[in-house]
Amino acid sequence: MSEKLLYTKEHEWVLVKGNIVRIGISDYAQNELGDIVFVDLPSVGDWVEEGEGFCALESVKAVSDVYAPVSGKVVAVNEELEDSPELINESPLDKGWIVEIEVEGTPQVGDLMSEQEYAEYLKGV
Amino acid sequence: MKQTPLTAKHRALGAKMIDYAGFEMPVQYTGLVEEHLTVRSAVGIFDLTHMGEFELAGSGALATVNSLCTNDASQLQVGEIQYSCLTNERGGIIDDILVYRTEQGFLLVVNAANTAKDYAWIEQNLKPDTQLADRSNELTLIAIQGPKSAPLVEEVLSVSVADLKNYTFMEPEYKGVQVLLSRTGYTGEDGFELYFPNEFAEELWDAFLTHGEKYGVKPVGLGARDTLRLEARMPLYGNDIDEHTTPLEAGLGRFVKLHKEFVGRDVLLKQKEEGVQRKLVAFTMIDKGIPRQGYPLLTLDGEEIGAVTSGTHSPSLDHPIGMGYVRVDLAQPGTEIQVQIRKKLAKAKIIKGRFLA
């Protein structure tokens, strides 16, 4: 069990607690998107496949997908985002979390980046 | 990528730069929504140097313009401007442009992405005794838009704009050089567009920012330019109109004068007599979700009737809005339709007129 955030190349973060994976987007990603005005959330109970765009973030100028870093069942969504999508801009790593996915077995997150590795990765973006 | 004489200024202001029509342009400075609302409540300045400008002179200039454009340029007095379309033989829109009647002839202001195409088309269709010159690389274009734009322009250029009506222009001097100031814009607000030689670009840009401080001026990028024009229901070339749509389908009939000859007139006359098959409509969302270009439009029964051409979350209304073509029998204001947003169908309602009151 780890409290540390891990990052994907698509700029999502994940927080692993047992077999539950909480997912959000990085500070870099929210800044790139600009003012987020609508979050098209999945439903609790939906099955998502690794690599699938399971949620859409709408800023004024564009829509961006959030990709699932793991396969599993959506067990929680951040319902506050329905009325306050700006939470993702204001608190991307905390209050702006998006979903929790329950995986079968142990989450396979070995190829995700640590915070330091992600910071290095951003230098090349 | 081409730059404008203001590129260094945009970078210094921390703008996010993008490639737009081959130009490195600012898409936003501090934030799209903030910039948008500044134009609605105070004043914003825009670098629009990527737009193209052509001069037409000589005794054949009027005949050339009138044979290529849908609007009637013979109605223009010196100092007046009209919105017009260049059309092809099928009545499709090659570009939507502004036509300025000058002492020497005409100044045509065209969309950046169409500059080369338009120039070739006009050159190919010049009437005898007509000179065509491309001034795009010599002129800087700054727009000053918003309810506080008039006092700011008056202060910076030491002029009075009290008698400058919409769609007219004046040619004041700046440091002994004649510049062109028109009361035009693409935001739905009162505003001005200023054309002048590149050498004054940085100092005039700075002057508008400095003098504008007390009016709350902000530089505004192309992102907010798009949301501002969409709220004002102004079409964007490449999104809402192109060579496969006609001015009549796009609701631009009042800029089409069928009593004179021009390329595509016969097709448009026939279309007017028979009625269009589809129409560009504006709609506001009833259900949640933001319409985007290319999303299908459907009836409430699920029959596909067209597609979204522009869509956004309106910053002024804090509500999603869009435009798109639908079958003509479904184009009546008040009609409810559906937008397919990813896997979901979301209801929308066709509205009359602009999105803003």
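Helices (H or I, at least four residues) and strands (E, at least two) are DSSP runs, numbered from the N terminus. The model is predicted, so local features need pLDDT of at least 70 and side-chain atom pairs count only at pLDDT 80 or more, while totals for chains, interfaces and linings use all residues. Residues are numbered from 1 along each chain as its sequence is written, chains are lettered from A and ligands numbered from 1 in the order in which they are written, and side-chain values use heavy atoms, with hydrogens and water left out.

**Exercise 1.** Locate R183(B) and describe its surroundings.

*Solution.*
1. R183(B) lies in the loop that runs between β13 (180-182) and β14 (191-197) of chain B.
2. Is R183(B) buried or exposed? Buried means under 20% relative accessible area, exposed over 50%, partly exposed in between (1.4 Å probe, protein chains only). R183(B) counts as buried because its relative accessibility is 12%.
3. Contact means heavy atoms within 4.5 Å. Beyond neighbours within four places in sequence, the contacts of R183(B) include A150(B), V161(B), Y167(B) and F192(B).
4. A150(B) is 33 residues away along the chain, with a C-alpha separation of 9.4 Å from R183(B).
5. The side chain of R183(B) also reaches the backbone oxygen of V161(B), at 3.0 Å.

**Exercise 2.** Trace the open sheet of chain A.

*Solution.*
1. Two strands pair if DSSP finds at least two bridges between them.
2. The sheet has six strands in the order β1-β2-β3-β9-β8-β5, with antiparallel pairing.
3. Which strands are at the edges? They are β1 (6-7) and β5 (47-48) of chain A, each pairing on one side only.
4. β1(A) joins β2 (residues 12-17) of chain A through two bridges in the antiparallel sense. Within this pair, L6(A) stands opposite V14(A) of β2(A).

**Exercise 3.** Describe the interface between chain B and chain A.

*Solution.*
1. On the side of chain B, 16 residues are in contact with 16 residues of chain A.
2. Buried area is the accessible area (1.4 Å probe) that two parts lose on being put together, summed over both. Here that area is about 1300 Å², and carbon and sulfur atoms give 47% of it.
3. How many salt bridges cross the interface? A salt bridge is a side-chain nitrogen of Lys or Arg within 4 Å of a carboxyl oxygen of Asp or Glu. The rule finds four between chain B and chain A.
4. The elements α2 (32-41) and β18 (304-314) of chain B each give two or more residues to the side that touches chain A.
5. A salt bridge links the side chains of R342(B) and D40(A) (2.8 Å, N to O).

Notes
A polar contact is a pair of N or O atoms within 3.5 Å; within protein, one must be able to donate a hydrogen and the other to accept it, and residues adjacent in sequence count only if both atoms are side-chain atoms.
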